[in-house]
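Visitor: Hi, I have just opened this one and have never looked at it before. Could you walk me through it?

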Amino acid sequence: MGAVLALCTAGQLACCCGSAACSLCCSACPSCKSSTSTRIMYGVLLILGTIVACITLSPGLQDTLANVPFCSNTTRILPKEVTIDCSAAVGYLAVYRICFAMCCFFTLMAVIMIGVKSGKDPRAGIQNGFWGIKILLIIGAAVGAFFIPEGSFAPTWMWFGMIGGFLFILVQLVLLVDFAHSWAEDWVGRYEETESKAWYCGLFAATIVCYGLAITGFVLLFIFFTHADSCGLNKFFLSINLIFCFAASVLSIMPAVQERQPRSGLLQASVVSLYVTYLTWSALSNQPDRACNPRLGEIFGPGTGNTNSGTHFDAESIIGLLIWMGAVLYSSIRTASNHSKLAMSEHVLVKDTGSTDCAHEPIVGDDGDTESGGHRVWNNEEDGVAYNWSFFHSIFVLATLYVMMTLTNWFAPNSSLETLNSNIASVWVKIISSWLCIALYSWTLVAPIVLPDRDFD
């Protein structure tokens, strides 16, 4: 399946280089749905933009970026009493502008695609083609964004990023809970069908690993992010989240829950607990109190981490990016299940619609003309769209804002240079997200009990 998607995406990318390359590549591709290949292409655009944003954080580029337009006429990027030399934060400010350009692109696409009901709509060509023009639009918007004077742009855009990042975390929660339930139900189903102990051992091992990592994470956070006579807020966050994870685990194996959902168990609870552990660590890593927020180098000794202030890319950001990439790919590839425990997943994920045969329906090419024959990417949305196109682009706007905040460590532009990567607002955003994660998972367990007349099977 992965190879098929890769080849379909390669075919779409080849169409950016001209019709000849498009025809040659598409003729060698296996059949796949246009809805799938299109979503993958937008995912590729988002990931490529993220890679470019990561490059701007490279230490070797900081001196070069110091000469960009938004830094060239000022050394004070903040209008108030707190100031930061633009060269010290130029990497973060460049990330802001690149992500601003991608947000503008996905917002434009979301507005254009409002109300599209089927692939016969004239706007389908814009959604499924013109990839070269789309890439040029993003590049042009990014170049233009670099000419935006600093002034209040970063503080204002930071709040957009904070809100959008929080909303995308909620989307990630929906995807995570859906993934946990799908994973457990798939393996339990295989075990019941084959009675092979390998599936049972796999379930047991995966549960033990997830719980082991979660418990280890909480222990390390208690050791390094709290002190006996201080860090009371950190202690509260760690204690309450540990209690919530334990309560959710107990709830998952309660007789009333098992009666309604026999395949519910500790595997789902362990996955959710592990994600809550990550969100807690991520929140504490943004704690402004330096005594309660040690750098990686302070924990493991000199040479193991960046203890300097300013822009850098730490372990928490890397893990956040990996989770983000998994969420983007999962939402692009995963088909909404008829047995999903969450109604919202039907909107976040994609419905499996369209013809199942592999007839090569015409697809709109990059030049706007329909092509057939050699195309193996076939149109499965003539009678109805497989997903809400406008909502899909809106999710990618939120994904862009989330990755922007992750790459910049959720920093506050109005903070001092010594606390550039600390932001109390982001601490509460992530902590509240962890509580919502537990609440969302718990609701999937108790909903069949609270609403017995609704069919959750």
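**A first look inside**

Guide: Let us begin with one side chain: that of Arg-97 comes to 3.1 Å from the backbone oxygen of Ile-148. Please keep in mind throughout that this is a predicted model.

Visitor: OK, and which other backbone oxygen does the Arg-97 side chain reach?

Guide: The backbone oxygen of Ala-145 is reached as well, at 3.2 Å.

Visitor: Where does Arg-97 lie?

Guide: Arg-97 is part of helix 6, which covers residues 86–112.

Visitor: And is Arg-97 buried or exposed?

Guide: Arg-97 is buried, because its relative accessible area is 0%, and buried here means under 20%.

Visitor: Changing topic, which residues touch the most other members in the largest nonpolar core?

Guide: That core has 90 residues, and the ones touching the most other members are Tyr-42, Phe-168 and Trp-324. Helix 9, residues 153–194, gives the largest share of this core, with 16 residues.

Visitor: What is Tyr-42 in contact with, leaving aside its neighbours within four places in sequence?

Guide: With those neighbours set aside, the contacts of Tyr-42 include Phe-105, Phe-106 and Met-109, and also Trp-131, Phe-392 and Phe-396. Gln-127, Lys-134 and His-393 are among them too.

Visitor: Now helix 10, how many residues does it have?

Guide: Helix 10 has 28 residues, running over 197–224, and it reaches 40 Å from its first C-alpha to its last, which is close to the 40 Å expected at 1.5 Å a residue.

Visitor: What do the buried residues of helix 10 pack against?

Guide: They pack against helix 9, helix 11 (232–252) and helix 13 (266–284). Among the buried residues of helix 10 are Gly-202, Ala-206, Cys-210, Tyr-211 and Phe-218.

Visitor: One last thing, how much space lies in the second largest pocket?

Guide: About 330 Å³ of space lies in that pocket. It is lined by 16 residues, and those closest to its centre are Val-188, Tyr-200, Leu-203, Thr-207 and Leu-266.

Visitor: Which helix gives the largest share of the lining of the second largest pocket?

Guide: The largest share comes from helix 10, with five residues, while helix 9, helix 10 and helix 13 each supply at least two residues of the lining.

Terms used
Residues numbered from 1 in each chain as written. Predicted model: local features only at pLDDT ≥ 70, side-chain atom pairs only at ≥ 80, totals over all residues. Heavy atoms only, no water. Core = buried A, V, L, I, M, F, W, Y, C linked by side-chain atoms within 4.5 Å. Buried < 20%, exposed > 50% of the residue type's maximum accessible area, 1.4 Å probe, protein only. Helix = DSSP H or I, 4+ residues; strand = E, 2+ residues; numbered from the N terminus. Contact = heavy atoms within 4.5 Å. Expected span 1.5 Å × (residues − 1). Polar contact = N/O pair within 3.5 Å; in protein donor to acceptor, adjacent residues only side chain to side chain. 1 Å grid on protein atoms, 1.4 Å probe; cavity = no way out; pocket = protein on both sides within 12 Å on 5 of 7 lines; lining within 4 Å. Points joined across faces, edges and corners; volume = space filled by probe spheres on them.
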